[in-house]
Amino acid sequence: QARRNSVWLFSSLLAALLFFGNTSTSFELPGGLNNLGTIYLAGVVTSAIAGFGAVPMLQRLKASQVVRLDGPKEHLQKAGTPTMGGLFLVPAGVAVAVAFAGATPEVVAVSVITVLCGTVGFVDDLQILLKKSSKGISGKTKLVCQSFLALCFCWWASSVTPRHFGAVVPLIFGLSLPLGALYWPLCVFTFAAESNGVNLTDGLDGLAGGTVATALSSMALVMQGSGHPTLAIFCAAMAGSCIGFLVHNTHKARIFMGDTGSLALGAALAAIGVATNMLSPLLVCSAIFVAEAISVILQVGFFKATKGHGPDGKGKRLLRMAPLHHHLELGGWNEVRVTGTFYMWAWIAACCAVLVFKSFT
């Protein structure tokens, strides 16, 4: 069933990008293959092949996942599975994007911020491996690094693409939200929210890879329709790389992406939205990551608000366990069912994101 879910996702995204994704690349492809679907396929193949070399190497290096002891008991069997799959997932997508789009300023900038946020994740993963604990660098340190990188990207966007980096966020049906000076804090928040949202989603085999691929595919179509063909290529390439990663990450996973991958992919989504002022479609296609993040916020808030009133003398829990996918697992859903259901909702969110963009025009 897990493989069928992945094949369905691969095929549906490919069909959407082939049908709607005519674009121009840095060179002409034969047979009219200048299409986002072609770039997506290149990302799939590149990432999948890279994984066949990287997975055994990470196994030999004993870069094994340290499983949370307070998580679902079924996850204890995942101990020993290599992590840091982002080390091949992210470079594969970036390489395909640059190969097809060329080293344009937009693609270079988005690629650089993606890699830098992935580097923060790599340091976090490395700390976890060295300490042999499920805790890496502190959340505060991670947030400071993400905010600093986000500010650097915002400075670039405001200098190089001032037409798109504005103080007004377009909404549906011709409406807009004037933010003025608050636009910068919103952009920094977007980076932190997307990166950490994807990070929280990365808790089941294939879950983050599939949902991020779906969000990136919808943003590829949004970028193409809004006059950003090179960024559309970047999105398609990264979406394909996520699907190629599923060759090794679908249940039962042979490798996890780790923070190296999840923080990078979240930053890639944020950078696309910020650079083009397409924050509304980004919010909609990120519905899964938003739901996962909100579930954690509600759980922690409710626990603190009811401190001393729980059965153990501590706080009460709103959910069986956060994030949301663990709540469903402890409710009797198996891992494959949770992942397949989230794929479906991610697809619905992606379609809605494209419709939101269409309402702009």
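1. Burial. In this predicted model, buried residues account for 55% of the 361 residues in the protein. The accessible surface comes to about 15500 Å², and 69% of that surface belongs to carbon and sulfur atoms.

2. Overall fold and dimensions. The protein has 13 helices and 2 strands. Its radius of gyration is 20 Å, close to the 21 Å that the globule rule gives for 361 residues, so the protein is as compact as a globular protein of that length. The C-alpha trace spans about 60 × 45 × 35 Å along the principal axes. Of the contacts between residues at least 6 apart in sequence, 74% join residues at least 24 apart.

3. Charges. The protein carries 23 positive and 14 negative charges.

4. Aromatic pairs. The structure holds 5 aromatic pairs. One of them is formed by phenylalanine 10 and tyrosine 40, which are stacked at 6.0 Å centre to centre with 20° between the planes. This pair links distant parts of the chain, since phenylalanine 10 belongs to helix 1 (residues 2-20) and tyrosine 40 to helix 2 (residues 36-60), 30 residues apart. Phenylalanine 10 has 25% relative accessibility and therefore counts as partly exposed, whereas tyrosine 40, at 0%, counts as buried.

5. Further aromatic groups. Phenylalanine 19 and phenylalanine 20 form an edge-to-face pair, with 4.7 Å between the centres and 85° between the planes. Phenylalanine 19 is exposed, with a relative accessible area of 63%. Elsewhere, Phe153, Trp156 and Phe191 form one aromatic cluster.

6. Glycine 240. This residue lies in helix 8 (residues 229-249) and is buried because its relative accessibility is 0%, under the 20% cut-off. Glycine 240 touches Tyr40, Gly43 and Val44, not counting residues up to four places away in sequence; Tyr40 is also a member of the stacked pair with phenylalanine 10. The C-alpha atoms of glycine 240 and leucine 41 are separated by 6.0 Å, although the two residues are 199 residues apart along the chain.

7. Alanine 192. Helix 6 (residues 183-201) contains alanine 192, which counts as buried at 12% relative accessibility. Not counting residues up to four places away in sequence, alanine 192 touches Leu143 and Gln146. Alanine 192 and cysteine 145 are 47 residues apart in sequence, and the distance from C-alpha to C-alpha is 9.7 Å.

8. Cis peptide bonds. Histidine 251 and lysine 252 are joined by a cis peptide bond with omega about -5°. Lysine 252 is found in the loop between helix 8 and helix 9 (258-276). The peptide bond from alanine 322 to proline 323 is also cis, with omega near 5°; proline 323 is in the loop between helix 11 (287-305) and helix 12 (324-330). A reader inspecting the backbone may wish to view both sites.

9. Positive phi values. Methionine 84 has a phi near 65°, a positive value in a residue other than glycine. Methionine 84 sits in the loop between helix 2 and helix 3 (86-101) and is buried, with a relative accessible area of 5%. Asparagine 277 likewise is not a glycine and has a positive phi, of about 60°. Its place is the loop between helix 9 and helix 10 (279-285), and asparagine 277 is buried, with a relative accessible area of 9%.

Note on methods. Residues numbered from 1 in each chain as written. Predicted model: local features only at pLDDT ≥ 70, side-chain atom pairs only at ≥ 80, totals over all residues. Heavy atoms only, no water. Helix = DSSP H or I, 4+ residues; strand = E, 2+ residues; numbered from the N terminus. Rg over C-alpha atoms; globule rule 2.2 N^0.38 Å. Buried < 20%, exposed > 50% of the residue type's maximum accessible area, 1.4 Å probe, protein only. Contact = heavy atoms within 4.5 Å. Areas by Shrake-Rupley, 256 points an atom, 1.4 Å probe, with all protein chains shown as cover. Lys, Arg positive; Asp, Glu negative; His and termini not counted. Charge placed at Lys NZ, Arg CZ, Asp CG, Glu CD. Phe/Tyr/Trp six-rings, centres within 6.5 Å; stacked < 30°, edge-to-face > 60°.
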